[in-house]
Amino acid sequence: MIKIIKDVVKIDTEKSTMLVRMSEKAELLYFGESINDETDYSFLNFGCAKAIFSSADNTDATPSVLSFVGDGSNRETSTHIVGNDGFASFRFEVDKFYIAEKFSFDDGLPHSKNATEYLIVEYKEPKNTVRLIQYFGIFENSDVIATGVKVINEGKTDLFVKRLFSIQLDLSDGEYTVASLRGSWGEETHETVIPLCYGAYTSSSFMGLSSNVANPFISLNRSGGERFTIAANLLYSGNHKEIIERNKQSGVRILSGINDYLLNYKVAPSNSFSTPEGIFVFAENTEKASREMREFVCKNIANTTFENTERPIVINSWESFGFKFDSERLYELCDYAVDCGIEMLVVDDGWFGNRNDDKTSLGDWFYNEAKIGGKLSEVARVVKSKNLKFGIWFEPEMVSEKSSLYKNHPEYAMKENGVEPIRIRNQIVLDITKSEVQKYIIDSISFVIEDCNVDYIKWDCNRGLTEIKNSGSYFYDYVISLYKILDVLTRKYPQVLFEGCASGGNRFDLGILYYMPQIWASDNTDAKERLFIQEGLLIGYPQSCISAHVPSRQNMHTFKIYSMFARFAVSAMAVLGYELDLTTLSEKELTEIKEYNAFYKKYRKTIQYGDVYQTEKVKDGGRSVISIVDKDKNNAVVLISNIVHDIQKVPKNVKVKGLEPDALYSVKTVLHKDRIDERLSVSGRTLEKCGVNIGNISVISDMMDDTGTVSSEIMVLTKVIRG
Ligand code: GLA
């Protein structure tokens, strides 16, 4: 609920309170655990840096939710706008503020759905040429707050936006740690925690995609046993920047939004510019902040058509066949897949143009009949007749120079006159800001969806932007254009499940999730590497949006060998699929897959939509324990993986959180069936505080064969007596 108490706005979420005093500034008086309504908040005056000598010296020290160039700051500011004449010292002041049920967005960007109320703050400046509108939205049963800023040019000449962050939160000084998701190709989203020092910590991307180097999710924890975590994220898929700056005078400032790298966005008179939406949450610890974020993403961001829908188990042709397939090979794969309980075939790269390697044909979205041996629509028909769904891969934003699209429309490609474009994976980027290119993409994809009756699309993007046309706005316009295309396609074909991908997880963000409810987390399918990647993702994203596939026994990227169970157990903590040539497997392996799929389907709802508790992380001690508890606390699935064969060590108990404390649960182990006496039942409280000991889960055969060293077990808990 949002209320106004004298000059203070009190924003109450389920368990947190934010107090903003409206003076000239919107002063952030408090952000933390819920507090009571008071009749007056003047007792917080001195928190806002009333200076001993001269208040003018101290404007910097007033905590606020917006700052600007020339405001006296000796630190990073959220806003930098420049007039046509180079004037930059716009002195923004709060003009008015009000509570509204709705906020009308007209910016082509994705926004969180279902906000119940908004606080809207309008800022003006003395020349009355620029107006800023900032909003804060709150949601039912959530602690997440959504925010953003819009600039309106009310003057007679152009304005240039050089920086405009979505989130600013000023906190008092103290010892904090910052957690962010860092990586590279094949090593995405590793949770990286460092102490916050004096100076600025930044996390950012520069390549036009949200990037695998630094994900837009961040969290800040106050150290020393204080119950204080703030996590933030952005609904944006392009260049982003998070700055957490700590200084002795003013404390800590969190900023998050579009990266100001090359930003110089022209706003003509009467026009506006909007930031992407930022979301942030206060919670008493990281676990709770992560849970708030995951739930919020499911309920209020991710494409709602698929909310709570069980996602199919796929077999994908990429790590099964690469570019080498025809209809017969696909049919054979399908026969095996059906037998194993798999539910969808995804024909990955190679079905179009003359595509037999990665050097040609991107953009030629017509069937590679010579290779397939007929029309893909016929393949789709046969696949569906086998009781499988049909999915397909596209890389719509790209073009190969060896393609008929490029031959007929060289002007569609991102090229600067006379300058050779940089080729990455032999391809260049289409200029999707052009409406004719948007139309080409929408028409090509629509044709295939309709002709093949497609159920699923994997939308890939295998390179970043390097030809930076009109650099002041290109990165932003590119993202807006991508959203426009996705908006048209997802509205036109609401039944199609889209999966995002960008060389694995190079664009894993909330902007993509708004349209495509799941994303391929990484090209690295090695079980051990995936543990780090998926554990990292789970601190900011729900498991239902992480796509994870069981690869072949010897991993094609790392050449390490893993047991089928370990590969399954690691993929089963998210949306399960397979990428291996089923036709070459032994009877024993096929039987295993069949059994595991039956298990996964039985608990799929719990696994994909239950509450996640990461009680142990592989990065902290070599063992990963993830419990997923369904909403009514009747069932829980616990996935345990060791990356060290600790044969000499006394095995630690496995603790399970989130159960009903006084209810009794039966405990079963899936792989080592004899570890726990099935007749026993254990209370939720004991399972949480003490845990159960399932012994050493390393398997001798794993230790001999499994050069990748992952041993896994899955425990299933079922409520037998209510508490
Ligand atoms: C990217 C994707 C892979 C696969 C290939 C196909 O690398 O991340 O999953 O689709 O492209 O070329």
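**Close-up views of the predicted model**

Serine 211 is buried, at a relative accessible area of 3% (buried means under 20%, with a 1.4 Å probe and protein chains only). This is a predicted model, in which local features need pLDDT of at least 70 and side-chain atom pairs count only at pLDDT 80 or more, while totals for chains, interfaces and linings use all residues. Residues are numbered from 1 along each chain as its sequence is written, and side-chain values use heavy atoms, with hydrogens and water left out.

**View 1. Serine 211 has a positive phi.** Phi is near 85° in this non-glycine residue. Serine 211 sits in the loop between strand E13 (199-204) and strand E14 (214-222). Strands are DSSP runs of at least two residues, helices (H or I) of at least four, numbered from the N terminus.

**View 2. Asparagine 453 also has a positive phi.** Here phi is near 50°. The loop holding asparagine 453 lies between helix H7 (435-452) and strand E26 (456-459).

View 3. A polar side-chain atom of aspartate 523 is 2.5 Å from a ligand oxygen. For an N or O atom in the side chain of aspartate 349, the distance to a ligand oxygen is 2.6 Å. A polar backbone atom of glycine 504 lies 3.0 Å from an oxygen atom of the ligand.

Terms used:
Buried means under 20% relative accessible area, exposed over 50%, partly exposed in between (1.4 Å probe, protein chains only). A polar contact is a pair of N or O atoms within 3.5 Å; within protein, one must be able to donate a hydrogen and the other to accept it, and residues adjacent in sequence count only if both atoms are side-chain atoms.
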